[in-house]
Amino acid sequence: MFRQISRNLLARSSMIRSSRSLSTDLPAAATADQTFIDAWKKVVPNLDPPKTPLTFMQSRPPIPSALPTKLTVNFVLPYQSELSNKEVDMVIIPATTGQMGVLPGHVPTIAELKPGVLSVHEGNDVTKYFISSGFAFIHGNSFADIVAVEATPLDQIDPAQVQKGLAEFTQKLSSASTDLEKAEAQIGVDVHSALNSALTG
């Protein structure tokens with residue numbers, strides 16, 4: 001009895017899966033709702049209609065039939081764009097699950113980033129950034145969007161300041177009396193330890 005029920009459930013779930021299209025296969029949404037714009041102009045003819053996020057977003061190109069040779073990377077911070085539509089060979093990101101290499105044709109993935117080194121490989125050139133945290137969105141069409149809270153090129157980091165910060169936060173952690181102080185000190189220790197590992201490794 002149990003086997004027959006589980007077979008029926010498996011058959012149903014595979015039918016549902018085969019009938020659903022992947023999100024990357026869906027057509028891009030229209031950038032403006034003409035009905036809304038017409039209604040807006042009737043009510044407030046002197047003001048432009050409000051823009052939605054879709055107005056500013058460009059739809060991603062479709063997934064290519066052949067594996068591309070390059071990975072297109074967008075690497076942004078809250079205050080600037082480090083890389084915009086840059087074609088590279090590979091990026092290595094510091095995901096919370098470990099170092100993750102991303103090549104052209106990578107499976108679509110969302111990864112949370114931890115403090116560590118982001119490496120951008122372009123032929124024999126490797127550019128390294130230390131990032132504090134963020135997210136990486138890898139799309140099925142060989143596009144990767146990397147969003148970091150803070151990033152600094154690794155060659156601009158002063159090792160003496162890192163050692164000083166690590167010592168200060170370690171001392172704060174040992175003398176912390178409240179949970180908040182312990183959490184703040186632990187974050188400082190984690191970031192400075194990752195910075196130290198990046199510079200010495």
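This is a predicted model: local features need pLDDT of at least 70, side-chain atom pairs count only at pLDDT 80 or more; totals for chains, interfaces and linings use all residues.
**View 1. Ser-142, in the loop between strands β8 and β9.** Strand β8 covers 134-138 and strand β9 covers 143-148, and Ser-142 lies in the loop between them. Is Ser-142 buried or exposed? Its relative accessibility is 3%, and because buried means under 20% relative accessible area, Ser-142 counts as buried. A polar atom of the Ser-142 side chain lies 2.7 Å from the backbone nitrogen of Gly-105. When the neighbours within four places in sequence are left aside, Ser-142 is in contact with Pro-68, Lys-70, Leu-71 and Thr-72, and also with Pro-104 and Gly-105.

**View 2. Phe-130, in strand β7.** This strand runs over residues 125-131, and Phe-130 is buried, with a relative accessible area of 7%. Leaving aside neighbours within four places in sequence, the residues in contact with Phe-130 include Pro-115, Gly-116, Glu-150, Ala-151, Thr-152, Leu-154 and Ile-157. Val-191, Ala-194, Leu-195 and Ala-198 are also among the residues that Phe-130 contacts. Although Phe-130 and Val-191 are 61 residues apart in sequence, they are 9.9 Å apart in space, taken from C-alpha to C-alpha.

**View 3. Helices α4 and α5, whose axes come within 8 Å.** Helix α4 is formed by residues 159-175 and helix α5 by residues 179-200, and their axes cross at roughly 150°. Because angles over 145 degrees count as roughly antiparallel, this crossing makes α4 roughly antiparallel to α5. The crossing of α4 and α5 is left-handed.

**View 4. The residues through which α4 and α5 meet.** On the α4 side, the residues that take part include Pro-159, Val-162, Leu-166, Phe-169 and Leu-173, while those of α5 include Ala-185, Val-189, His-192, Leu-195 and Leu-199. Lys-172 in α4 and both Lys-182 and Glu-184 in α5 also belong to this contact. Taken together, the residues of the contact of α4 with α5 divide into nine nonpolar, eight polar and three charged.

Note on methods: Residues are numbered from 1 along each chain as its sequence is written. Side-chain values use heavy atoms; hydrogens and water are left out. Axes are lines fitted to C-alpha atoms, for helices over the stretch in contact, and angles run from 0 to 180 degrees between N-to-C directions. Helices (H or I, at least four residues) and strands (E, at least two) are DSSP runs, numbered from the N terminus. Angles under 35 degrees count as roughly parallel, over 145 as roughly antiparallel, 65 to 115 as roughly perpendicular and the rest as oblique. A crossing is left-handed if the near helix is turned anticlockwise from the far one by less than a right angle, and right-handed if clockwise. Contact means heavy atoms within 4.5 Å. Ala, Val, Leu, Ile, Met, Phe, Trp, Tyr, Cys and Pro count as nonpolar, Asp, Glu, Lys and Arg as charged, and the others, Gly among them, as polar. Buried means under 20% relative accessible area, exposed over 50%, partly exposed in between (1.4 Å probe, protein chains only). A polar contact is a pair of N or O atoms within 3.5 Å; within protein, one must be able to donate a hydrogen and the other to accept it, and residues adjacent in sequence count only if both atoms are side-chain atoms.
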